Amino acid sequence: MRTGRPALIALTALAPVSWGTTYAVTTEFLPPDRPLFTALARALPAGLLLLALARVRPHGAWWWKATVLGALNIGAFFPLLFLSAYRLPGGMAAVVGSVGPLFVVGLSAVLLGQRPRTRAVLTAVAAALGVSLVVLRAAGELDALGALAALASAASMSTGTVLTQRWGRPDGVGPLALTGWQLTAGGLLIAPVALLVEGAPPALDAPAAGGYLYLALANTAVAYWLWFRGIGRLSATQVTFLGPLSPLTAAVVGWAVLGETLTPVQLAGMALAFGATLAGQLAPRGEPVEKAATAAPFSSASRNGRKDSMDLTVPGLRR
């Protein structure tokens with residue numbers, strides 16, 4: 001069943017909205033200083049669950065492609081994300097990670113040969129500026145390692161998303177299976193590193209167990225399925241500019257749940273970032289309204305045939 005474009009955008013947007021709750025869950029419920037175990041507990045159970053539901057294994061070149069995508073979108077992204085979350089205030093991690101759309105612009109030019117559009121670049125800058133205003137009060141609490149981890153996580157996710165659109169997916173394979181492959185591959189890559197660096201898993205109380213369950217199911221299995229489904233049917237630019245919804249959600253959660261305040265400057269930043277998100281959903285002239293839901297892996301000929309219609313191809317955040 002096909003989904004209308006506004007509904008598809010709204011469903012895809014649920015992924016970064018869910019990811020915006022990650023910081024609060026991590027800091028309020030999970031054991032401290034366990035970024036690798038947290039990344040593992042989030043990725044591997046979700047991946048195995050989706051594999052069991054999809055019952056489709058990679059074949060041919062997709063064994064290594066799924067591994068590469070899993071490493072970029074999950075295996076590297078998750079540990080770096082949680083490292084930044086543990087070492088930085090949530091707002092600071094968000095502002096560093098908000099450069100994802102700019103990474104996508106550059107990577108699309110290098111990997112896909114697509115010329116960046118001025119509107120997309122300006123929209124990406126506006127989104128980053130808006131997020132910066134939202135988290136302005138955290139600017140003085142910079143931790144160098146945490147900031148580098150946040151920057152690297154944005155670069156990893158951006159690269160993985162560009163390649164996800166470049167490679168598409170095999171004939172007859174849906175986003176559920178593709179998501180399961182990546183989560184499982186990423187989780188298996190994280191597992192030995194987590195065991196070596198952090199040792200045995202920590203003892204979990206009820207809040208921590210609930211937090212990990214939420215991260216694995218809603219925040220990962222469902223959210224990433226919606227995200228990769230959106231990548232397969234929307235233009236890269238549209239998907240990329242949904243990313244700022246994650247830090248905006250984090251700010252709202254901090255205000256509503258953690259008792260944080262929102263200043264007029266932060267509210268203005270939220271309006272600017274949200275406006276950039278909406279602007280990013282406007283298809284450039286000549287771009288198809290929605291890509292085919294049954295997109296197969298792009299051959300050289302099909303990539304060339306779609307080159308002008310995909311605009312920037314890709315994201316993000318993420319996230």
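Mentor: A salt bridge is a side-chain nitrogen of Lys or Arg within 4 Å of a carboxyl oxygen of Asp or Glu. Please keep in mind that this is a predicted model.

Trainee: What makes Arg34 and Glu198 a salt bridge?

Mentor: The closest N and O atoms of Arg34 and Glu198 are 3.3 Å apart. The cut-off is 4 Å, so the pair qualifies as a salt bridge. The structure holds one such bridge.

Trainee: Which parts of the chain does this pair link?

Mentor: Distant ones: Arg34 lies in the loop between helix H2 (22-29) and H3, while Glu198 belongs to helix H9 (residues 175-198), 164 residues apart. Both partners are buried.

Trainee: Why is Leu217 called partly exposed?

Mentor: Its relative accessibility is 38%. Buried requires under 20% and exposed over 50%, so Leu217 falls in between.

Trainee: How do you know that the buried residues of H13 line one face?

Mentor: The buried residues of H13 are Gln266, Gly269, Met270, Ala273, Ala276 and Thr277. Seen down the helix axis, they fall within an arc of 130 degrees, and therefore line one face. Pro264 and Ala271, on the other side of H13, are exposed. The cover over the buried residues includes helix H7 (118-134) and helix H12 (245-256).

Key. Residues are numbered from 1 along each chain as its sequence is written. This is a predicted model: local features need pLDDT of at least 70, side-chain atom pairs count only at pLDDT 80 or more; totals for chains, interfaces and linings use all residues. Side-chain values use heavy atoms; hydrogens and water are left out. Buried means under 20% relative accessible area, exposed over 50%, partly exposed in between (1.4 Å probe, protein chains only). Helices (H or I, at least four residues) and strands (E, at least two) are DSSP runs, numbered from the N terminus. The arc is that of the directions from the helix axis to the C-beta atoms. Contact means heavy atoms within 4.5 Å.
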